[in-house]
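This briefing is for a reader meeting the structure for the first time. It covers the core, the annotated positions and the contact between the chains.

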2 protein chains.
Amino acid sequence: MTDHEGRGASDRPVYAVEPWCVREPELRLDRLAQGESVFALSNGHLGLRGNLDEGEPHGLPGSYLNSFFEQRPLPYAEAGYGYPESGQTVINVTNGKLIRLLVDDEPFDVRYGRLHEHERVLDLRAGTLTRRVEWTSPAGCRVRISSVRLVSLTQRAVAAIRYEVEPVDRPLRVVAQSELVANESLPDLGDDPRVAAALESPLVGEEHVHNGTKVILVHRTRRSGLRMAAGMSHEIDGPGRTAVDAESSPDVGRMTVATELEPGQRLRIVKYLAYGWSSQRSRPALHDQVVAALAAARHTGWEGLLEQQREYLDDFWRGADVEVDGDAEVQQAVRFGLFHILQAGARAERRMIPAKGLTGPGYDGHTFWDTETFVLPVLTYTHPDSAADALAWRHMTLPMARERAHQLGLAGAAFPWRTIRGQECSGYWPAGTAAFHINADIADAVVRYVDATRDERFECEVGLPLLVETARLWRDLGHHDVEGVFRIDGVTGPDEYSAVVDNNVYTNLMARRNLQEAAAMAMRHPDLAERLGVSTEEAASWRNAAAAMLVPYDQRLRVHPQSEGFTNHSKWDFAATKPDHYPLLLNYPYFDLYRKQVIKQADLVLAMHLCGEAFTPDQKRRNFDYYEGLTVRDSSLSAQTQAVMAAEVGQLDLAHDYLGETALMDLHDLARNTRDGLHIASMAGAWSGLVAGFGGMRAADGCLAFAPRLPGGISRLAFRLRYRHNRIRVTVRAENAVYELMEGPGIKIRHHGDEFTLGDEPAERPIPALTALPRPAQPPGREPVPRRTDPHLRETEGPPGADSLSSPG
Amino acid sequence: MTDHEGRGASDRPVYAVEPWCVREPELRLDRLAQGESVFALSNGHLGLRGNLDEGEPHGLPGSYLNSFFEQRPLPYAEAGYGYPESGQTVINVTNGKLIRLLVDDEPFDVRYGRLHEHERVLDLRAGTLTRRVEWTSPAGCRVRISSVRLVSLTQRAVAAIRYEVEPVDRPLRVVAQSELVANESLPDLGDDPRVAAALESPLVGEEHVHNGTKVILVHRTRRSGLRMAAGMSHEIDGPGRTAVDAESSPDVGRMTVATELEPGQRLRIVKYLAYGWSSQRSRPALHDQVVAALAAARHTGWEGLLEQQREYLDDFWRGADVEVDGDAEVQQAVRFGLFHILQAGARAERRMIPAKGLTGPGYDGHTFWDTETFVLPVLTYTHPDSAADALAWRHMTLPMARERAHQLGLAGAAFPWRTIRGQECSGYWPAGTAAFHINADIADAVVRYVDATRDERFECEVGLPLLVETARLWRDLGHHDVEGVFRIDGVTGPDEYSAVVDNNVYTNLMARRNLQEAAAMAMRHPDLAERLGVSTEEAASWRNAAAAMLVPYDQRLRVHPQSEGFTNHSKWDFAATKPDHYPLLLNYPYFDLYRKQVIKQADLVLAMHLCGEAFTPDQKRRNFDYYEGLTVRDSSLSAQTQAVMAAEVGQLDLAHDYLGETALMDLHDLARNTRDGLHIASMAGAWSGLVAGFGGMRAADGCLAFAPRLPGGISRLAFRLRYRHNRIRVTVRAENAVYELMEGPGIKIRHHGDEFTLGDEPAERPIPALTALPRPAQPPGREPVPRRTDPHLRETEGPPGADSLSSPG
């Protein structure tokens with residue numbers, strides 16, 4: 001959703017705008033939960049929300065292990081065949097972040113005493129969250145506290161915290177308590193269906209041991225049958241005598257350090273954390289695994305972990321960085337986004353990438369089509385191994401998807417609309433099971449990854465089975481009508497304000513690609529295909545269905561209807577819809593949304609991005625204008641696609657506005673739900689808006705195509721990509737684009753339609769002139785906020801949207 | 001649904017076939033629950049299932065008060081705006097039927113000892129359920145027991161039982177316990193969504209008193225805030241000394257009679273029962289109301305109640321009886337059906353008529369569109385006051401329907417898909433809220449009733465407000481497209497194997513009538529209309545929308561698609577569907593049913609019955625044939641409409657087959673769920689199949705039209721109707737029809753298109769010849785069982801359906 005109030009000009013910014021950091025110069029108690037998501041650290045396996053070290057105050061305490069979930073029943077007022085009966089919800093695991101502090105008998109709590117300074121910095125190159133505090137207790141004791149936290153990208157099970165405290169002006173007695181706490185009580189999250197179902201005390205203690213500064217807690221879930229272990233170990237460095245004590249109970253492990261400090265003296269604690277979970281391994285095995293991970297971390301040491309972290313990130317940025325001159329907010333946001341995408345996917349390793357990464361419990365911790373459609377493209381061209389891992393997870397779940405298809409009476413595999421482990425968890429089939437496009441989205445991600453990497457082993461082991469089973473689904477889901485046209489009836493496309501429609505253009509085009517590519521890949525690997533049971537007849541039937549695929553077109557309006565009949569529907573009465581009635585789904589019944597022309601999120605416009613070859617340039621312009629007038633962006637997924645297509649049809653300033661919206665979704669908390677976790681797909685949106693939008697980047701068949709063009713507000717855009725063992729850098733300015741091969745054998749490039757091979761010599765190409773077109777209108781009140789690059793300007797201008805119609809593209 | 005196994009030839013019939021009775025010659029423990037529904041007695045206010053007097057064994061104990069319900073939460077896996085949060089479920093109220101018997105210390109229980117004779121008879125003219133038993137106890141004591149039970153049609157609060165016991169061959173000690181029992185434990189009904197949600201101990205005791213042979217129990221529900229009272233009083237007639245004792249506790253009232261009987265002596269107990277409930281009245285008021293009802297019943301006395309009952313029924317049959325020569329089963333079934341329809345509606349008095357009447361807890365005791373569409377037509381032409389009452393109840397709930405429309409963002413009133421008190425209780429909106437046709441069905445029932453009765457006061461007080469508010473709904477629900485065509489998108493028609501479709505023909509035609517009739521009625525009552533806020537502009541907008549209403553037609557196939565695009569869909573793979581996979585909704589997901597050509601119940605075919613003027617005879621034939629091939633009759637509502645339209649298009653034997661199915665739905669337990677209550681709409685189906693089918697009866701604008709024609713298996717059909725203060729009788733034979741005015745000023749009649757006025761002289765008219773047409777095919781295995789009128793023939797023939805294709809119409 002979008003929420004104009006969330007980004008009002010009068011709101012003082014929470015974070016400083018810097019190119020490589022997200023700095024919070026002061027603590028804002030009213031933005032605590034947002035900050036916990038923004039400052040979350042993760043490596044895709046373990047995620048720690050940016051909770052304060054001392055645990056309180058908090059918005060929402062959160063520590064997550066990828067795919068560690070609890071089951072809950074899915075109830076229905078009226079049951080139906082094939083409805084999933086069991087849901088999966090990510091749970092808050094044992095919290096190892098806690099370090100509480102007593103200063104002369106008074107607990108350090110930012111809500112009491114006096115806070116002189118409180119700064120937190122997320123460093124996108126170091127991969128650390130740093131905190132600096134200066135505080136005077138109610139009794140007048142002044143201390144400096146600093147902490148540095150990391151979740152290791154190189155040691156998957158490990159996180160670490162360096163915590164320091166020193167008196168400012170007089171000697172102090174200091175007690176630090178470093179803890180592991182399971183079953184933390186969580187605040188009530190209200191009844192917004194998009195927020196995770198609260199699960200109280202989901203963990204059952206199995207073991208608790210302490211030894212020296214080391215504590216291990218082992219728990220299991222009540223219903224899902226998963227087991228986890230968390231451990232901590234410490235290095236303590238203080239002057240003079242420090243008393244150290246450890247204790248444990250089923251849900252609490254505690255290491256206590258007491259000491260006295262003079263001004264100039266400092267207590268330093270390095271806390272190593274390790275986590276592990278399994279659905280199969282025994283309690284002792286899991287216990288030992290965590291102890292081993294702690295030993296490895298201590299062996300590497302704090303400085304070693306920091307170094308490894310930076311090296312890992314340096315390598316990432318070498319192939320992924322995006323530079324933006326002229327729009328500092330977007331510059332920061334695109335790097336912030338890339339960082340969090342990396343965090344979500346880096347070490348997920350054959351587990352899913354959730355819609356919120358491991359930054360919060362939103363959407364129950366489920367993964368959706370967003371991952372394949374919006375996140376994996378970024379990873380494919382910047383950190384391809386993570387894209388391969390995510391698709392390998394889908395491949396691992398193929399048996400469940402086959403079973404689901406069978407239950408639904410279909411051939412092939414039907415992947416779940418939302419899930420953690422692989423089973424369908426959607427409790428509303430018109431916007432869940434019926435959204436079969438997820439299968440084509442997965443296939444498309446496979447095709448994209450294989451095109452970008454030529455990863456033959458992946459193609460054979462993961463890619464082909466996924467394409468074959470999804471193609472089988474489409475072949476069975478559709479049918480030829482009496483005139484031989486292939487139709488796909490009764491499905492739901494990306495736009496969730498329509499459902500259960502016939503011949504959704506996006507779905508049909510993506511299914512067509514799925515069928516074509518499956519046939520092509522099967523032809524490339526005839527032996528493997530045969531082992532998968534693919535006969536030449538079957539492959540031919542895929543090709544034939546693809547060739548006969550219906551793509552509805554409204555001759556009267558000369559636009560593509562989103563689905564058959566869509567343009568006959570009544571248009572939503574936008575003029576009568578009050579601003580506080582968005583998002584519409586919370587204020588209008590589905591029946592009314594479904595039967596009218598109103599669009600939650602880009603659907604036909606997404607089809608024009610991903611299947612651009614199916615539309616003429618004129619159709620793209622007309623379609624784009626038509627759907628601009630209907631799209632309310634009640635989904636955070638929409639703006640990035642509108643940015644990409646606005647750029648393609650020459651609406652560059654409009655594209656820049658949409659780019660701003662997707663890029664700043666979480667840093668500005670535009671949807672007002674960043675508290676529940678970051679919108680990982682919006683993180684990807686900043687990259688897409690810049691690279692696929694202003695860079696015009698499309699890739700297929702071994703060729704990287706670009707059609708770069710910058711809006712007025714951006715003077716230079718440079719981005720790096722990885723493609724077929726090449727790393728290239730593209731630099732775009734108003735008048736030209738420069739292509740440089742940084743590494744690799746060379747690459748076929750297309751620039752505004754002209755193809756050439758990029759070798760060691762940089763290539764400079766001019767940007768063709770653009771004829772300005774009138775800017776299309778959005779539904780009243782749903783215009784994107786105009787992008788201004790000078791933050792001072794933004795703070796003094798009028799209400800959002802007022803100027804947006806007067807700035808031509 | 002239909003179930004061929006339920007009527008297999010090898011199954012010996014449970015009930016004897018007699019014209020005016022339903023006789024169960026022996027007790028079938030395996031059919032106990034079915035019998036409880038078949039033998040249920042009701043007056044529309046109070047309903048008593050046909051449980052055995054002694055309470056056990058039972059299928060399902062049941063005593064119901066119309067609209068006495070408990071609330072229960074409606075849960076959703078994913079919530080949505082406008083979903084109803086609270087459901088309503090009919091509850092089993094205090095059981096007053098119980099009379100337990102001890103014979104020489106041994107309880108009378110048909111499962112023990114030896115049952116020499118057990119006969120039960122439902123007498124359709126007397127309105128009583130009679131039972132005769134001869135039983136020898138395990139200890140060898142032989143007794144004769146008989147009981148007669150009635151639920152009074154003349155004293156709404158009252159039921160009564162005459163219970164007699166006598167020894168056969170030696171003196172006996174006999175103890176009879178007559179009871180009132182609240183919160184009976186109910187058997188688990190399984191998880192079939194169509195069965196009532198079990199509600200345990202829904203009643204909270206408020207008062208229990210006993211006095212002489214009289215006991216009163218007062219209870220209230222836990223959540224819905226309703227209060228009820230039940231009372232019993234007795235007349236005891238026995239030889240010599242009888243010891244009588246009464247007692248009461250919160251959930252039990254008991255009157256005990258002990259005596260000794262010689263052979264030839266008899267203990268007779270007359271038990272008077274009275275019930276009352278209210279959402280507003282106090283405990284003492286309700287208590288007193290029941291005491292008064294008991295006093296009135298005793299004043300009338302047992303014989304008096306019997307007499308009143310027979311008089312009431314004699315009057316009913318005079319205006320309603322249907323005679324069928326040649327098919328004894330259908331003869332019995334149509335009277336059985338009329339009897340139960342009368343029982344459901346006679347004294348409902350501004351309460352709803354539930355889908356199961358007061359015969360069982362099926363469908364949670366809710367009312368649906370069936371009442372207006374299938375049941376009220378019968379009542380309109382046979383017992384019009386009950387039709388008026390049922391519509392007056394709808395009128396009473398207008399405020400709730402207006403509120404619901406408002407919640408849905410619509411003008412006018414949106415009546416609930418299923419309810420007890422008036423609030424929407426449907427927990428699945430695609431087959432609930434979206435089925436807006438219920439509003440047109442109510443309007444159509446109003447128009448039909450007003451046409452049939454010229455009840456001016458009803459028209460002004462009930463009819464006009466209902467038509468106006470439903471017309472407003474349609475005007476707002478539809479819209480004119482760019483070409484000026486009025487479209488109704490995103491709704492669900494009668495067929496529940498499609499949902500959320502555009503321009504369902506049935507819905508559009510019924511909405512058209514609703515709009516036209518509302519405008520016409522407003523014109524007849526300009527002052528009243530003005531008071532309802534109807535301007536001439538508004539009425540004109542209804543007329544215009546009606547005139548521009550889209551009725552989709554498939555030029556290619558030359559049939560009407562059930563809804564726009566329907567005929568483009570893939571046809572269901574009937575050949576691959578196993579017989580035990582019906583009903584399909586329990587074995588296939590909605591998504592698959594919705595997107596294919598497969599029909600649960602007549603939809604377009606129903607439109608052809610109710611809106612016949614919108615189709616040419618040729619279209620009717622072609623449409624009928626087309627939809628025969630798609631309709632699986634997984635709804636018990638379907639067969640009667642197929643019977644009516646089969647007759648209209650000249651498929652007389654096929655019509656007879658469908659008539660058999662609807663007529664015998666409960667007597668033969670065809671859907672295997674008669675245990676949960678009778679299918680009141682199927683009860684109406686026997687009448688419709690005969691009168692509207694073979695009689696070809698249609699009524700509109702003061703004219704009764706007929707197009708009579710009999711199938712080979714029926715030699716004579718005679719039926720009586722009430723229309724505009726006339727009572728007429730129509731007698732149809734193969735060669736001619738005779739119309740007789742039995743009472744009233746005379747009436748305009750149309751016979752096969754020829755209009756004449758029927759006065760005191762009977763009119764005989766010939767039946768035109770019919771050209772035989774090939775019989776259309778049904779989905780394999782879904783053919784109706786061929787109707788054979790000789791029961792011996794039926795018992796020896798092969799599997800059902802095998803011959804049905806070889807008997808041309």
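In this predicted model, L690(A) is in contact with V322(A), V324(A), V334(A), L659(A), G695(A), L717(A) and F719(A), leaving aside its neighbours within four places in sequence. L690(A) and L690(B) are the residues with the most contacts inside the largest nonpolar core, which has 486 residues.

- The core draws at least three residues from each of two domains of chain B: domain 1 (39-72 + 86-315) and domain 2 (383-596).
- In soluble globular proteins, nonpolar side chains tend to be buried together.

**C-terminal annotation**

- An unreviewed UniProt entry places the feature "domain: Glycoside hydrolase family 65 C-terminal" at residues 697-758 of chain A.

**Annotated active site**

- E496(A) carries the feature "active site" in UniProt, from an unreviewed entry.
- The loop that holds E496(A) runs between β23 (486-487) and α9 (505-524) of chain A.
- E496(A) has 21 other C-beta atoms within 10 Å and is therefore buried, since 20 or more are needed for that class.
- Not counting residues up to four places away in sequence, E496(A) touches A431(A), K600(A), Q601(A) and S635(A).

**A glycine in a loop**

- G612(A) sits in the loop between α13 (604-610) and α14 (617-628) of chain A.
- G612(A) has 17 C-beta neighbours inside 10 Å, so this residue counts as partly exposed.
- Along the chain, G612(A) and A387(A) are 225 residues apart, and their C-alpha atoms are separated by 23 Å.

**Contact between the chains**

- Chain A gives 42 residues to the contact and chain B gives 41 residues.
- On the side of chain A that touches chain B, helix α12 (residues 590-594) gives the most, with four residues.
- The residues on that side of chain A are 20 nonpolar, 13 polar and nine charged.
- Of the interface residues of chain A, 98% are also interface residues in chain B, so the copies meet through the same surface.

**Symmetry**

- Chain A is superposed on chain B by a rotation of 180° with 0.0 Å of shift along its axis, with an RMSD of 0.1 Å.
- This is the relation of a two-fold axis.
- Y76(A) comes closest to the rotation axis of the residues of chain A, with its C-alpha at 2.4 Å.

Note on methods
Residues numbered from 1 in each chain as written. Chains lettered and ligands numbered in written order. Predicted model: local features only at pLDDT ≥ 70, side-chain atom pairs only at ≥ 80, totals over all residues. Core = buried A, V, L, I, M, F, W, Y, C linked by C-beta atoms within 7 Å. Buried ≥ 20, exposed ≤ 12 C-beta atoms within 10 Å, placed from the backbone. Domains from an automatic or database assignment. Contact = placed C-beta atoms within 7 Å. UniProt positions renumbered as here; feature names shortened; annotations may be inferred. Helix = DSSP H or I, 4+ residues; strand = E, 2+ residues; numbered from the N terminus. Nonpolar A, V, L, I, M, F, W, Y, C, P; charged D, E, K, R; others polar. Least-squares fit on C-alpha atoms with pLDDT ≥ 70 in both.
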